[in-house]
Number of protein chains: 2
Amino acid sequence: MTVLWRDRPVGIVGLGLIGGSLALDLRARGATVHALVHRQATAERAWQRGLADRIATDPQVLEGCGLVVLALPLDRLLDPPQALLDALPRQAVLTDVGSVKAPVLAQWQPRCPRFVASHPMAGTAEAGVEAGQPALFQGRPWVATPTEATDPEALEQVRALAEAVGARWLTCSAIAHDRAVALISHLPVLVSAALLLVADRAAPDPELAELVRALASSGFADTTRVGGGNPELGTLMATHNRQALGEALAAYGQQLAALQALVEQGHFDQLEAALTRARELRPPFL
Amino acid sequence: MTVLWRDRPVGIVGLGLIGGSLALDLRARGATVHALVHRQATAERAWQRGLADRIATDPQVLEGCGLVVLALPLDRLLDPPQALLDALPRQAVLTDVGSVKAPVLAQWQPRCPRFVASHPMAGTAEAGVEAGQPALFQGRPWVATPTEATDPEALEQVRALAEAVGARWLTCSAIAHDRAVALISHLPVLVSAALLLVADRAAPDPELAELVRALASSGFADTTRVGGGNPELGTLMATHNRQALGEALAAYGQQLAALQALVEQGHFDQLEAALTRARELRPPFL
């Protein structure tokens with residue numbers, strides 16, 4: 001198999017955290033990167049940072065690319081501009097980096113014969129053209145969600161790309177992916193945000209409000225980190241993974257109500273058993 | 001005012017994380033520390049670590065101490081052995097380090113005229129005689145919950161002790177303290193544990209179970225850290241702060257249900273507003 005990322009220019013659409021990091025890693029491995037960005041100011045800054053070999057706001061920059069990575073935010077990925085669609089090279093292998101997979105597949109698979117839905121699970125709190133950094137994907141999962149209609153050779157090309165930047169390659173169904181990320185990524189955002197909202201709301205008098213802020217320690221800081229993150233990102237995930245997130249929230253609400261009942265009814269032996277189970281469960285997630 | 005911790009031996013009952021750390025800091029500042037521990041093996045290890053000037057399993061070791069710190073786990077603090085009560089020097093200033101204050105006050109204040117309920121809010125994941133470390137209290141809150149019956153000079157003595165080890169001194173009512181720690185410390189433990197339990201329970205088939213573990217990232221690790229902590233400690237807090245924790249759980253359940261309704265009904269503008277509010281709320285807690 002000709003390895004496309006090495007043999008022909010790689011197109012990257014969007015040079016934010018994921019697109020920019022991928023561009024840096026690929027160039028460091030000798031690839032030629034052609035990047036499409038939305039705004040001229042981004043193109044200039046990306047050029048100063050050395051993110052790609054060619055950078056333009058005109059989709060024609062993707063001409064000749066053998067593999068194109070759509071590193072767009074979920075909303076733009078699900079509503080792509082016609083000019084981008086028109087400019088994608090006919091026979092190119094195409095993949096995305098979206099954090100929800102079923103709606104991406106529904107949108108792109110019927111349209112592009114060599115589309116592979118994928119999700120590199122690497123992130124920092126940063127975003128935008130300044131955020132890209134080397135080795136972001138090293139050791140992190142890169143999940144593809146092929147279907148029966150997925151071109152096997154296209155899948156192998158995306159795998160070669162992921163492994164070139166040090167990611168751990170995994171495949172599963174889009175539905176399994178979306179349920180899994182609902183549980184371990186999207187649900188924690190809301191659980192964590194609710195803790196901030198209630199710590200504020202449940203302390204209505206100023207003295208108590210000041211006290212909760214003064215006494216909050218590293219445990220509270222850790223538990224609320226993801227809930228205090230980017231609201232646009234959290235909302236995009238909820239919007240496009242609504243069903244799986246709704247199911248996860250319902251299951252979570254039941255679990256928490258069960259713990260609440262143990263506290264209210266004074267069943268502290270059972271509470272300790274539940275906390276012991278929670279402690280045992282955690283290491284395999286780390 | 002004679003500063004008791006400097007002028008006479010300080011008694012410390014229990015040489016776990018809090019007692020051991022306090023002993024190390026006080027000795028480093030020239031104090032003489034007499035420590036009472038439960039088991040002979042602990043006494044020997046504490047002696048090897050240089051935690052105190054005298055260490056014994058006999059409560060008589062507290063004789064002559066001007067200030068005694070009860071650094072016991074909450075259950076033993078609330079059910080003290082008679083031999084300890086008999087051995088406490090009559091006129092000594094007495095304080096505790098318990099993480100819930102109303103039941104401690106109810107137990108100790110009627111019994112000891114110079115008792116001051118207090119809570120140094122410093123912790124690590126460690127416990128036991130190996131856990132004590134220097135400078136644990138530096139910059140951390142040390143909350144006292146005096147009542148009208150609290151001896152003002154005893155309160156000043158405990159303040160001098162807290163400030164000697166670099167803690168930030170605060171006072172509030174026991175009820176306000178217990179409500180505040182329910183919100184920022186005890187509630188997060190259950191919220192976080194529920195996330196581990198549901199990530200396990202909501203992935204009943206082995207493939208999905210493996211996937212959620214493979215895809216969990218630093219966000220999940222942070223959000224579940226306190227829920228995967230010491231089950232005995234979490235249970236003790238819940239047992240002795242049952243009412244405030246029950247109220248916090250109820251308020252939290254309502255808050256989460258409100259977010260769930262926004263997801264289920266597709267009110268994503270309102271969801272983004274709530275997440276934006278959560279992001280704004282977080283910095284003052286850090």
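Good morning. In chain A, 69% of the contacts with a separation of 6 or more are between residues 24 or more positions apart. Please bear in mind that the model before you is predicted.

To continue with chain A, its secondary structure comprises 13 helices and 9 strands. Of its 286 residues, 53% count as buried, and its C-alpha atoms fill a box of roughly 70 × 40 × 30 Å along the principal axes.

I turn now to strand β8 of chain A, residues 141–144. Strand β7 of chain A, residues 118–120, runs antiparallel to β8(A), and 3 bridges join the two. Within that pairing, Val143(A) is the residue opposite His119(A). β8(A) also pairs with strand β9 of chain A, residues 168–171, in the parallel sense and over 4 bridges. Here Val143(A) stands opposite Leu170(A).

Let us move to chain B. Its open sheet has 6 strands in the order β3-β2-β1-β4-β5-β6, with parallel pairing. Why is one side of β3 and of β6 in chain B left without a neighbour in the sheet? Strands β3 (54–56) and β6 (115–116) of chain B stand at the edges with a single partner strand each, so one side of each has no neighbour in the sheet.

Within this sheet, strand β1 of chain B, residues 10–13, pairs with strand β4 of chain B, residues 67–70, over 4 bridges in the parallel sense. Ile12(B) has Val69(B) in β4(B) as its bridge partner. Helix α7 of chain B, residues 152–164, packs on the sheet and touches β4, β5 (93–96) and β6 of chain B. The direction of this helix makes about 55° with that of β5(B). Thank you.

Methods:
Residues numbered from 1 in each chain as written. Chains lettered and ligands numbered in written order. Predicted model: local features only at pLDDT ≥ 70, side-chain atom pairs only at ≥ 80, totals over all residues. Buried ≥ 20, exposed ≤ 12 C-beta atoms within 10 Å, placed from the backbone. Contact = placed C-beta atoms within 7 Å. Pairing = 2+ DSSP bridges. Axes fitted to C-alpha atoms, helices over the stretch in contact; angles between N-to-C directions.
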